[in-house]
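Look at the chain from end to end before turning to single residues.

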Amino acid sequence: MTTTAVAPSGSPPEESRSPGDRLLSWPPAVLGLIGTLIFLGVWELVPAVGLVPARYLPPPSETLGIFARNLTYADFWVAVWDTMKGWAIGLAIATLAAVVVGLVIGSSSFLRRFTASTIEFLRPIPSVALIPLAVLLFGVELESKLLLIVYASFWQVLIQVLYGVADVDPIANNTARSFGLGYLARMRHVVWPTMLPYLMTGLRLGAAVALILAVTSELVIGNPGLGREIALAQSGGATAPMYALVLATGFLGVLINIAFRMIERRTLSWHPSVRAEAH
């Protein structure tokens with residue numbers, strides 16, 4: 001008697017899977033590496049065939065070499081430190097303010113209705129529109145950079161906190177109240193666990209926005225950091241070093257995103273969304 005192997009329900013046999021399905025089954029890191037290599041290949045090809053002159057778009061073989069050399073220069077790391085210092089301080093201030101304001105507003109239906117129009121009016125205002133105000137108040141000091149970062153990141157976190165507080169189960173809240181839990185106890189045991197996944201999302205979004213505004217401030221205002229180094233390289237006609245510095249800001253963004261993803265998975269290891277992602 002012979003038996004025939006049957007594929008598990010929901011997973012088609014290997015021979016019937018399309019090439020696209022097989023590619024999707026590869027580890028994300030491998031797919032990301034392939035995408036990066038394709039991007040670098042296209043970048044190398046564009047100036048080589050003359051689509052864009054090499055003096056305007058140096059090939060990655062030249063740019064990456066300059067980027068590697070930058071890693072050995074103390075001035076480069078000083079610029080990175082200046083950028084990351086503004087990023088970290090601004091994000092911390094924005095997060096603290098957004099959590100406090102979000103918990104206060106979100107806990108009151110009156111305050112939610114009372115502030116809704118104000119929030120929707122202020123939130124779309126781009127932070128770069130505040131550059132003249134920042135320069136008038138603080139010049140090229142760190143505070144002007146922080147003003148832009150805090151304003152932009154604050155809304156990213158605040159909106160997520162408001163969503164999180166609004167998602168609290170009213171039955172659980174009423175039950176906690178009936179058991180005699182005070183305001184702070186309900187915040188800790190009922191509101192906080194519900195809000196935390198939203199807060200982590202807001203932090204991840206706010207971290208990316210904070211880096212963008214830190215570099216933008218350095219580019220436009222002239223605060224010390226990678227953005228100012230990019231502007232100086234551009235004004236001096238050093239195109240390849242300019243692109244190398246741009247790549248540095250991109251790598252910083254990737255590292256920040258990876259770090260916040262790891263923090264999110266560790267912090268929310270109990271949450272169903274993270275447990276499902278792990279499986």
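Two residues are in contact when they have heavy atoms within 4.5 Å of each other. Among contacts in the protein chain between residues at least 6 apart in sequence, 71% join residues at least 24 apart. This is a predicted model, in which local features need pLDDT of at least 70 and side-chain atom pairs count only at pLDDT 80 or more, while totals for chains, interfaces and linings use all residues. Residues are numbered from 1 along each chain as its sequence is written, and side-chain values use heavy atoms, with hydrogens and water left out.

The secondary structure of the protein chain consists of twelve helices and zero strands. Here helices (H or I, at least four residues) and strands (E, at least two) are DSSP runs, numbered from the N terminus. Of the 279 residues in the protein chain, 35% count as buried. Buried means under 20% relative accessible area, exposed means over 50%, and partly exposed is in between, with a 1.4 Å probe and protein chains only.

How do two of the helices pack, and at what angle? Helix α2 (residues 28-48) packs against helix α3 (residues 60-70) at an angle of about 115°, and their axes are 9 Å apart. That makes α2 roughly perpendicular to α3. Angles under 35 degrees count as roughly parallel, over 145 as roughly antiparallel, 65 to 115 as roughly perpendicular and the rest as oblique. The axes are lines fitted to C-alpha atoms, for helices over the stretch in contact, and angles run from 0 to 180 degrees between N-to-C directions. On the α2 side, Leu40, Trp43 and Glu44 meet Pro60, Ser61 and Thr63 of α3. By class, this contact of α2 with α3 has three nonpolar, two polar and one charged residues. Ala, Val, Leu, Ile, Met, Phe, Trp, Tyr, Cys and Pro count as nonpolar, Asp, Glu, Lys and Arg as charged, and the others, Gly among them, as polar.

Next comes the largest pocket. A pocket, on a 1 Å grid over the protein atoms alone, is an open set of points where a 1.4 Å probe fits, with protein on both sides within 12 Å along at least five of seven lines; lining residues have an atom within 4 Å of a point. The space in the largest pocket is about 310 Å³, where a volume is the space filled by probe spheres set on the points, and grid points are joined across faces, edges and corners. Its lining has 13 residues, and Thr36, Gly250, Phe251, Val254 and Ile258 lie nearest the centre. The elements that give two or more residues to this lining are α2 and α11 (239-267). Of the elements, α11 gives the most, with eight residues. By class, the lining has nine nonpolar, two polar and two charged residues.

Ala259 is also placed in helix α11. With a relative accessible area of 32%, Ala259 is partly exposed. Ala259 and Arg204 are 55 residues apart in sequence, but 9.3 Å apart in space, C-alpha to C-alpha.

Leaving aside neighbours within four places in sequence, Ser217 is in contact with Lys145, Leu148, Gly222 and Asn223.

Pro126 is in the loop between α5 (109-122) and α6 (131-138), and is partly exposed at 45% relative accessible area.
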